[in-house]
Amino acid sequence: MLLLTLVMIIAAYLLGSISSAILVCRMLSLPDPRTIGSNNPGATNVLRISNKFTAATVLFLDILKGTLPVWGAYFLQVEPIYLGIIGVAACLGHMYPIFFDFQGGKAVATALGALLPIGLGLGVLLIITWVAVAKLTKYSSLAAIVTVSIAPFYVFLLKPMYVYPTLMLSALIIVRHKENIIRLFKGTESKITTKIS
């Protein structure tokens, strides 16, 4: 089982390293999302430089990168704590992709995907939280920070056995947003410029 877990961790990192934003932008002859807007290869920045459909495509693919390895490990009955490590590996792949010079995104969507195997109810709660905060504040980063911060509480209410793996993911995403947090306090953080509907 330990060898299987190690293989799943490596596979999760490699899958996470496939940057949906960069590849989709290349296919559509759009600017590299690492060089424009927020310089972040994620769905929100793709929305800034393209349209909702393109951003939704990137979002879906980024979510899938988190869901597939964690769901696969869950199906193979990997222990909950290792599910968390597999989810973190997928997020680290997105943040530091080996295929794209280790220049990746914030992994919010990938973290959401990693949490989805816990249950669709959790996914709905996380999406509602993100959308509500984003609509109220127009800050994608703040919506992400609030959502991952409250995620362990949601998991505690729904499936307490997965609280520790969720805490691992939440801590990783918050640390990755440290620069956004500083800009939010300074009032210099970029807002979402396209209406969320």
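I began with Asp-62, which is buried at a relative accessible area of 2%; for me, buried means under 20% relative accessible area, exposed over 50%, and partly exposed in between, with a 1.4 Å probe and protein chains only. Its partner in a salt bridge is Lys-65, with the closest N and O atoms 3.6 Å apart. The term salt bridge covers a side-chain nitrogen of Lys or Arg within 4 Å of a carboxyl oxygen of Asp or Glu. Lys-65 is buried too, at 4%. Both residues sit in helix 4, three residues apart, about one turn of the helix. I take helices (H or I, at least four residues) and strands (E, at least two) as DSSP runs, numbered from the N terminus.

A note on the source: this is a predicted model, where local features need pLDDT of at least 70, side-chain atom pairs count only at pLDDT 80 or more, and totals for chains, interfaces and linings use all residues. Residues are numbered from 1 along each chain as its sequence is written, and side-chain values use heavy atoms, with hydrogens and water left out.

How many salt bridges does a search of the whole structure find? I got three. Arg-34 pairs with Asp-32, the closest N and O atoms being 2.8 Å apart. Here Arg-34 is buried at 16%, whereas Asp-32 is partly exposed at 24%. Arg-183 and Glu-189 meet at 2.7 Å, N to O. Arg-183 is partly exposed at 30%, while Glu-189 is buried at 10%.

Next I looked up the nonpolar cores, each a set of buried Ala, Val, Leu, Ile, Met, Phe, Trp, Tyr and Cys residues joined through side-chain atoms within 4.5 Å. The largest has 31 residues, and Ile-86, Leu-115, Leu-122 and Leu-126 have the most contacts inside it. Among the elements giving two or more residues to this core are helix 1 (2-16), helix 4 (52-75) and helix 7 (120-137). Helix 5 gives the most, with seven residues.

I then listed the contacts of Ile-86 (heavy atoms within 4.5 Å). Leaving aside neighbours within four places in sequence, Ile-86 touches Met-8, Ile-9, Ala-12, Pro-69, Val-70, Ala-73 and Val-78. Another core, of nine residues, lies apart from the largest one and includes Val-24, Leu-47, Ile-49 and Val-58.

Last, the cysteines. I looked for disulfides, meaning pairs of cysteine sulfur atoms within 2.5 Å, and the count is zero. Cys-25 is buried at 1%, and Cys-91 is buried at 0%.
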